[in-house]
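Please take a moment with the sequence and the model before reading on.

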Amino acid sequence: MIKYIFLLFFSIFLLSGCGDKLSTSTTDNSANITKALLTGTWTAKCSDNTTASTSSKTVLVFSASGDNLTATTTNYSDLSCVTQSFVFTKKLNTLELEDSKTKTSQNQIIKKFTAKVTDITLEPKTTSVATLLFSSSFCGLTGWNSGTETSVAGLTCGSITYNAVNDTHSDIIQINSEKTFIRLGNITNAASTGYPKTLYTLEYYK
Amino acid sequence: MSLLAESDNSSSEAGLFYSTWGSGVMGGYNYSNEIHIGGSFSSGDTSTKSKGLGTSMKSQSTFMTVNAFGRYYLRDLGITDGLFGQAGLAFRNWTGKGSIIDDRTQAKIASIKIDWSPVVIVTGVGWQKIWGSLSFSVAMNASIGGSRTIEYTENMHRFSDSMKKDLEEKTDYPTNLVIYIGYSF
């Protein structure tokens, strides 16, 4: 009888769900984004659009100790960012970066920031682009000239209505822990709070 | 009836085994027809690679285990050559690590490190079959009294609760199935 009890004892041990007691810890090793860290020029790699046979390249310049941000997207009529066609520029000031980190719905560690729009401009780089914009009264404007920046702030151009001057630009920003690149929010996918819900996959390198 | 006497009166045996915790060698001494004292050494490793949305996850775990145990055979139970119960100590050198990398930039998104405590009690039950000098056994063991520490490091992503739970379940090895074949001498 003792032998059966012995066997029963071990069987109960096996079925009792023993195993290793678990302890966990979580370390936040993400970089803390500050204005000082952002100050400077961050450049994206050339991004091609094979369907349209065009390309674009965006440069972010954080200046005035990170209070100002100028985002300049140069569009090209080829696939390798050689021949400029037009330049789109968004100028912001009074940039306010939230103190604490948060996360997107995809668990990406980010910080939120807001800034005031000081201007949004479009500059045709060739006469053919200027003529095209003129002929279509793009943004309701006809004064398009090659090499001249024209403000489109507050205007509806095609399917996009741009922020007006002094509007608040709400965005999110992510940085890798090695602090070599940043990503900005996808402003076309904003939540009701005004902040983008997701990040663009495009990286900007310092 | 004494099975040892029935076979060849051998007092020792050694053999190879495959188990959840790795493959290795096992040897032992038959103190009596019912009592067996044994030891084993096993090693194993697992590595996984998986792809997510723009990310790659790699993990690797290594297991080295030395086990010393006593086994009691229920020879007169009449189930072939004997059911047995066993208990002992396992000395473990188990480590695990993993990382999630961003495919586009190769930036580290997050990583994990797992450590297991070095000593645990191991108990189990099994079944043995003997053919002359050859023996075959299957056993199911369980560890008791050990601990496991998982360190999550977040670089660009937060670990979700579901991801943590999934990982914790996949790196839990509370039981060990052992399939052994040995030779008595």
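In this predicted model, strand 1 (residues 21-28) of chain A runs parallel to strand 9 of chain B, and eight bridges join the two. Within this pairing, A:Thr24 has B:Ile150 of strand 9 of chain B as its bridge partner.

The contact between the chains takes 31 residues from chain A and 37 residues from chain B. On the side of chain B that touches chain A, strand 9 of chain B gives the most, with eight residues, while strand 4 (55-74) and strand 7 (119-131) are among the strands that each supply at least two. Sorted by class, that side of chain B holds 15 polar, 14 nonpolar and eight charged residues.

Inside chain B, strand 9 (residues 147-154) also pairs with strand 6 in the antiparallel sense, over seven bridges, and here B:Ile150 stands opposite B:Ile114. Strand 6 (residues 108-116) of chain B is in turn paired with strand 5 (residues 83-102) of chain B, again antiparallel and over seven bridges, with B:Gly98 opposite B:Ile112. Five residues lie between the strands of this hairpin, in which B:Gln106 takes a positive phi near 65°.

The largest nonpolar core has 37 residues, and those with the most contacts inside it are A:Leu60, A:Leu69, A:Ile173, A:Ile182 and A:Tyr204. Strand 8 (residues 109-124) of chain A contributes the largest share of this core, seven residues. Beyond its neighbours within four places in sequence, A:Ile173 is in contact with residues including A:Ile33, A:Phe113 and A:Leu184. A second, separate core of seven residues includes B:Met26, B:Tyr73, B:Phe84 and B:Tyr180.

Notes:
Residues are numbered from 1 along each chain as its sequence is written. Chains are lettered from A and ligands numbered from 1 in the order in which they are written. This is a predicted model: local features need pLDDT of at least 70, side-chain atom pairs count only at pLDDT 80 or more; totals for chains, interfaces and linings use all residues. Two strands pair if DSSP finds at least two bridges between them. Helices (H or I, at least four residues) and strands (E, at least two) are DSSP runs, numbered from the N terminus. A nonpolar core is a set of buried Ala, Val, Leu, Ile, Met, Phe, Trp, Tyr and Cys residues joined through C-beta atoms within 7 Å. A residue is buried if 20 or more other C-beta atoms lie within 10 Å of its own, exposed if 12 or fewer, and partly exposed in between; C-beta atoms are placed from the backbone. Two residues are in contact if their C-beta atoms, placed from the backbone, lie within 7 Å. Ala, Val, Leu, Ile, Met, Phe, Trp, Tyr, Cys and Pro count as nonpolar, Asp, Glu, Lys and Arg as charged, and the others, Gly among them, as polar.
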